[in-house]
Amino acid sequence: MSGLLAGKTALVMGARNKWSIAWAIAQAYSAQGAKLALTYQGDREEKPVNELAESLGGALVMNCDVTDSAQVEAVFAQIRSEYGRLDAMVHAIAYAKREDLTGTFLDTSRDGFLLAMDVSVYSLVETAKHAAALMTDGGSIQTLTYLGGERVVPNYNVMGVAKAALQASVRYLAADLGPKNIRVNALSAGPIKTMAARGISDFDIMLHAVEERSPLRRNVTQQEVANASVFLASDLASAVTGETFHVDCGYHITAL
Ligand code: NAD
């Protein structure tokens, strides 16, 4: 199928390099006809993300640290002035201190807890509010989550608690924005080797577990997550909202 997002404008937040899930989503949206805006965080990511955007034949590329409300506001002001409106937003952003992604959850510091919640959860709430103001003809808002928000996954710790809050936020936002025909969903991706994943201790054990025990007996790819994201952003998913949509080769249904 092609042209599923033709005529739509989308903001994808969180593409930092070619392994980023957000980058696979940006490529898939572009291939389906969407006009794109991308955000990256900080000077270090500027050059690689601009190079990636060029390979799409151009996109509006902006710096945005989501812990800074002024930067968030500036991003949406620029989208308003360049594109006028928005049909889809993908939030693929998370952060926790490395020391909070190892050992026991019990040892999480107040600082570490608040930081993970601010970057990984509150940022969805704030960006969704700005995005919704530009979604004058309905729209789709998506975020990325992981099974560690529903079950205990060793070392995922504070990020698991953040993902649980993120998934609850999706449901509350879906209820708030549904009357404007704006759908809000979470994509629960299986483990994928990315920069963010490298911060989690023993990440390879998560990959092996999925390979051995998931119904499909393999891991998921960024492209498969991106395909599911295209579906959720498209009119094919017009009745889907408030959902946590697992794209994990079925691993979430297994017990042992
Ligand atoms: P990634 O490292 O490529 O992306 C993480 C992004 O978060 C980066 O672009 C980074 O710049 C951004 N970020 C961190 N702090 C930020 C801040 N203060 N302001 C703005 N941006 C900030 O890794 P990824 O795996 O593609 O992660 C994308 C999303 O997918 C995350 O929410 C992650 O939790 C989720 N996810 C990842 C996996 C996996 O196994 N890789 C599985 C399920 C869900």
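How many of the eleven residues of helix α1 (residues 21-31) are buried?

## Helix α1

Eight of the eleven residues of helix α1 are buried, and the helix is therefore described as mostly covered. Here, buried means under 20% relative accessible area, exposed over 50%, and partly exposed in between, with a 1.4 Å probe and protein chains only. The buried residues of α1 are Ile21, Ala22, Trp23, Ala24, Ile25, Ala26, Ala28 and Tyr29. Gly33 follows α1 and has a positive phi, near 100 degrees. Helices (H or I, at least four residues) and strands (E, at least two) are DSSP runs, numbered from the N terminus.

## Basis of the model

This is a predicted model, in which local features need pLDDT of at least 70 and side-chain atom pairs count only at pLDDT 80 or more, while totals for chains, interfaces and linings use all residues. Residues are numbered from 1 along each chain as its sequence is written, and side-chain values use heavy atoms, with hydrogens and water left out.

Strand β6 is mostly covered, with eight of its eight residues buried. Ile182, Val184, Ala186 and Ser188 point one way, whereas Arg183, Asn185, Leu187 and Ala189 point the other way. In a regular strand, side chains alternate between the two faces of the sheet.

Two strands pair if DSSP finds at least two bridges between them. Strand β5 (residues 139-145) pairs with β6 in the parallel sense over seven bridges, and Gln142 stands opposite Asn185 in β6. The chain crosses from β5 through α5 to β6 in a right-handed β-α-β crossover; with the strands pointing away from the viewer, the path from the first strand over the helix to the second runs clockwise. Strand β7 (residues 244-247) also runs parallel to β6, joined by four bridges, and Ser188 stands opposite His246 in β7.

## Nonpolar cores

A nonpolar core is a set of buried Ala, Val, Leu, Ile, Met, Phe, Trp, Tyr and Cys residues joined through side-chain atoms within 4.5 Å. The largest has 50 residues, of which Leu11, Phe76, Ile79, Leu86, Met89 and Ile141 touch the most other members. Elements giving two or more residues to this core include β1 (9-13), α4 (110-134) and β6 (182-189). Apart from it lies another core, of 36 residues, among them Ala10, Val12, Ala34 and Val220.

Leaving aside neighbours within four places in sequence, Ile141 is in contact (heavy atoms within 4.5 Å) with residues including Met89, Leu124, Ile182 and Val184.
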